[in-house]
Amino acid sequence: MVQSINLFRAVDALSRAVDLVGIDDLQHGKRVGFIASQVARDLGWDEERRRDILFASFLHDCGVSTTDEHGHLVTELEWSNAEAHCLRGEGLLRDVPPLAHLAPMVRFHHTRWSRLGEMGLEPRLREDTNLIFLADRLDMLRAGMDSPAAFEEKGGFLGVLRRHSGSLFKPELVAALERCAQSEAFWFTQSPELLDTHLHDMGVHHLTRPISHRELRSLAVMFARIIDAKSPFTARHSEKVAALAAQIAGDMGLDAETVRLVEIAGYLHDLGKLRVPDMVLEKATPLDPHERVLMKRHAFDTYDVLFRLFGDNPIAQWAAFHHETLNGEGYPFQLSAQALPLPARIIAVSDIFQALVQERPYRASLLPAELMPIMEGMVSEGRIDGAILGHVDQSLERYWLLAGGDASRLGSGRAGAEMRPGRTVRT
């Protein structure tokens, strides 16, 4: 089945997801896009080229997943390991057909202008990617300032960039940026309350195009790869939850289209975890009350990003409801059982099952016989759907292997860390 997707909304949702890695540094990609598009307009670049610059700017940091890496990028003009996230970003984008043409711009957006000239790249790519670098570094210099303060300090920012004209940046791009930056409107438009409206009014919001399930899945896989790179302890979690949820949905007789959408929702269910600090995700001891709130927020952030992308499509709800419970005590919406559709219940069971199979910093991977009592306890507490768990139990080892279990451990008697039924499972 071919659906339609709005490319602006897709890129906007990806940009929002990447913003979450910065914890509180929101709209960085959008500000870079605005700055770059204004310079491109000053230089008389055509509309299609300006649109590609805007979208690539939105996504230029899609290879950043850790808060530590983000910290370097927002505090240092040049960073010795900056190329790593450029390479990851290129790899992510080139596998998504609607966005693959943006991959080269992301690949080189921290490469010096003087170096780009030695690499044999075609002139347009050199200019495009260097403009993103320039806009990115301007936003780094003004980090933490509101728009009026940034306008007052513009001379200092531009002086820093000017000193690197010809080495880091193409001189003509620096000169065009200086012309744009003389206007108060250039800075005031970057205010959070104005930026989204301005970008929407640029006309790119009309870019709706058909998208096949294969293309939509590639977009979901890109999101999942960004999420799962957040921590070595969650690597491949989204991928495994997607596979597990789709298999359960298909085995339970759901129609093929629903199964495909369940898989997409499975890939995307933990999108909000990009906002959770690395130290919380990797903490080996129980979370304190504040850390639990930070962790709980991820389900709401998942919904916020996916609603921007999918609107009323059920994917956003199925993904975001994976911590809701049948007894109404889940989060973030505290929904009742009646409000939880079957696909959301399947993803919830798949999420917990896979988390128990996966090795985490606070416990080892659990065998089938070890994890079932824990999940049965959740059924008795009214947290998860017993019918779905009963279905899983009928092919327990098959689902355990699909969730990432090590086949060599089956029948070996090598147990994981003890977990008592009823203990909170961190997924």
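This is a predicted model: local features need pLDDT of at least 70, side-chain atom pairs count only at pLDDT 80 or more; totals for chains, interfaces and linings use all residues.

1. A crossing is called left-handed if the near helix is turned anticlockwise from the far one by less than a right angle, and right-handed if it is turned clockwise. Helices here are DSSP runs (H or I, at least four residues), as strands are runs of E of at least two, and they are numbered from the N terminus.

2. Residues are numbered from 1 along each chain as its sequence is written, and side-chain values use heavy atoms, with hydrogens and water left out.

3. Helix α2 packs against helix α3 (residues 47–58) at an angle of about 155°, and their axes are 7 Å apart; the axes are lines fitted to C-alpha atoms, for helices over the stretch in contact, and the angles run from 0 to 180 degrees between N-to-C directions. The two helices, α2 and α3, are therefore roughly antiparallel, given that angles over 145 degrees count as such, under 35 as roughly parallel, 65 to 115 as roughly perpendicular and the rest as oblique.

4. On the α2 side, the residues in contact (heavy atoms within 4.5 Å) include Gly29, Lys30, Phe34 and Arg41, and those they meet in α3 include Arg50, Ile53 and Phe58. The residues of this contact of α2 with α3 divide into seven nonpolar, four polar and three charged, where Ala, Val, Leu, Ile, Met, Phe, Trp, Tyr, Cys and Pro count as nonpolar, Asp, Glu, Lys and Arg as charged, and the others, Gly among them, as polar.

5. Helix α21 (residues 368–380) and helix α22 (residues 386–394) pack at about 160°, with axes 10 Å apart, and they are therefore also described as roughly antiparallel to each other. Here α21 passes α22 in a left-handed crossing. Met372, Met375, Glu376 and Val379 of α21 make the contact with Gly386, Leu389 and Asp393 of α22, and these residues comprise four nonpolar, one polar and two charged.

6. The count of salt bridges comes to 29, a salt bridge being a side-chain nitrogen of Lys or Arg within 4 Å of a carboxyl oxygen of Asp or Glu. In one of them, the side chains of Lys30 and Asp12 meet at 2.6 Å, N to O, and the pair links helix α2 (residues 28–42) to helix α1 (residues 7–21) across 18 residues. Lys30 is buried at a relative accessible area of 4%, and Asp12 is buried at 10%; buried means under 20%, exposed over 50% and partly exposed in between, with a 1.4 Å probe and protein chains only.

7. Asp304 takes part in a salt bridge with Arg16 (3.2 Å, N to O). Because Asp304 lies in helix α18 (residues 289–310) and Arg16 in helix α1, this pair ties together parts that are 288 residues apart in sequence. Asp304 is partly exposed at 21% relative accessibility, whereas Arg16 is buried at 12%.

8. Asp304 also forms a salt bridge with Arg308, with the closest N and O atoms 3.4 Å apart. Asp304 and Arg308 are four residues apart in helix α18, and are therefore separated by about one helical turn. Salt bridges link Asp12, Arg16, Lys30, Asp196, Asp304 and Arg308 in a network.
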